[in-house]
Amino acid sequence: MKKTWWKESVVYQIYPRSFMDSNGDGIGDLNGITEKMDYLKELGIDVIWLSPVYQSPNADNGYDISDYQAIMEEFGTMEDFDRMLAAAHQRGIRLVMDLVVNHTSDEHAWFVESRKSRDNPYRDFYIWREGKDGKEPNNWGSCFSGSAWKYDPSTEMYYLHLFAEKQPDLNWDNPAVRDAVFEMMDWWCRKGIDGFRMDVISMISKDPALPDGKPNASGFGDYGPYAVNGPHVHEYLQEMNRRVLSRYDLMTVGECSGVTVEEAKKYANQDGSELNMVFQFEHMNLDGGESFKWNDRKIDLAELKKVLSRWQTELAGKAWNSLFWCNHDQPRIVSRLGDTSTREYWEASAKMLATCLHMMQGTPYVYQGEELGMTNVPFGNLSDFRDIESINAYHELTESGQIVPEEMMRYLRYKSRDNARTPMQWDDSENAGFTTGTPWIMVNPNYREINAREQMGREDSIFHYYQKLIRLRKEREIIPYGAYALLLPEDPDLFVYTRSLGDQKLLVICNFRKEEKNFVLPEPFDPEQAEVLIGNYGERRPERQMMLQAYEALVLLQ
């Protein structure tokens, strides 16, 4: 297997609005990130993935970009960005930018021109269509509720927006769009950034016929078969690779909602003609988290093992995995798959979940606060939320009578993206040390117990456990590169797998339940000879017959 720096790296995602506020306006900023660079260095991460910091009216928290080559005023200036990039590089930390090029903001200069007239030179930068029978051009629904089409009275046509109305989709079939995007990407590469995480990149190519989709629960049509993994997506990414990516030493990861293993092998192929890796969401969809997410179902462990193991084994030697539990679009993993009912279970389950993920083959991603075991938030009412998806869904589903308000609030507290977006919990001072002002979104009230200062000062904390997991990946080649095999596939409580490289073998044992579980150490592991690499119950030694504690994780090397 070809070795590269990005296969051996651990990535840390920063959501800038909620990371650290340096000027007291209640909003995280670039200087706040620079201020906390030593914290990231101490944690041991190699790469920062920075959620969008470009100029934006913020209809979707920065994923609606009005100028790709300017910094959002709330976050600072381009000089602040350059200083932050230099501070990261001085510490040996690389920086990956979030690239959002399926759509722009409707306030981007390209769209402002595009909507002026039907014959404007920028008209074809976006997807405009005539109405059909006095209605939208087709029945597609938007990801954020309602139709995916917006009528523009000035030219009496509709434009396509698969996300918010203020996020018109770019027309990638137009070579001028590709030229403009590649030129912008090259500008950032020359500035010295180290790669791109590509937002919904699997959606840039649409079926030009734009046929109606199969109606779903909302009554709108599903655009998926016609806009995800579309007819020219690989052609356009190969062009991007030739013209920009291959000219620099970059890490690239594509967010590919709805991607299959077979498609992933094309996006992240070993010949390097497209991207290094993709984000797939199949494991996050097992409780309806990516599709119809508004419920409080729990993920079934046997199903989770099946999905993650399929990606591990079927991509082996063909493409590279990205490993994640959390990001800015997912609720907190310790509240979703772990146990926050007691301090003991919270801490043990957060460490166990980290072990399970970080010992797999692929590049692990840590989302800010995950290394502290940050939890979901007890939001009081709808006014506490800021996320457009959550607010729109509440109105749509309660006003149509599909879900009663109390039930919908329960689902929002469990699944809303805002659970990941509350401020980073730095210490037990007011507002968790995030800001001296009024935070843009509420701080989780448990910050007095869960914060970075407390954990950095305690050797057995979740922070130090993550630090050790990250260090092990650098020290032991078997962790990034070893072959994966699942044991006990049907066990409803235990996730057990091996990794093999040369004559070395790693055994990873994770108990996903609060009950004690009996476990027999499989051959060829010898309890006397095996080295304990890490475990969340202190100096625990393995035995042939062992009783696993609640949420216990143990990693053995032989």
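Colleague: Which residues point one way from E10, and which the other way?

Modeller: Please note that this is a predicted model. Met251, Val253 and Glu255 point one way from E10, while Thr252 and Gly254 point the other way.

Colleague: Are the residues of E10 buried or exposed?

Modeller: Five of the five residues of strand E10, which spans residues 251–255, are buried, so the strand is largely enclosed by the rest of the structure.

Colleague: Which strand do four bridges join to E10?

Modeller: That is strand E9, residues 195–198, and E9 and E10 run parallel. Gly195 stands opposite Met251 in E10.

Colleague: And how many bridges join E10 to E11?

Modeller: Three bridges join E10 to strand E11, residues 277–279, and these two strands also run parallel. Here Glu255 stands opposite Phe279 in E11.

Colleague: Turning to the helices, at what angle do the axes of H5 and H7 cross?

Modeller: The axes of H5 (residues 175–191) and H7 (residues 233–243) cross at roughly 40 degrees and come within 10 Å. That angle makes H5 oblique to H7, and the crossing is right-handed.

Colleague: Which residues meet there?

Modeller: From H5, Arg178, Asp179, Phe182 and Met185 meet Tyr236, Glu239, Met240 and Arg243 of H7.

Colleague: What is the make-up of that contact by class?

Modeller: The contact of H5 with H7 has four nonpolar and four charged residues, and no polar ones.

Key:
Residues numbered from 1 in each chain as written. Predicted model: local features only at pLDDT ≥ 70, side-chain atom pairs only at ≥ 80, totals over all residues. Heavy atoms only, no water. Axes fitted to C-alpha atoms, helices over the stretch in contact; angles between N-to-C directions. Parallel < 35°, antiparallel > 145°, perpendicular 65-115°, else oblique. Left-handed = near helix turned anticlockwise from the far one by under 90°. Contact = heavy atoms within 4.5 Å. Nonpolar A, V, L, I, M, F, W, Y, C, P; charged D, E, K, R; others polar. Buried < 20%, exposed > 50% of the residue type's maximum accessible area, 1.4 Å probe, protein only. Pairing = 2+ DSSP bridges.
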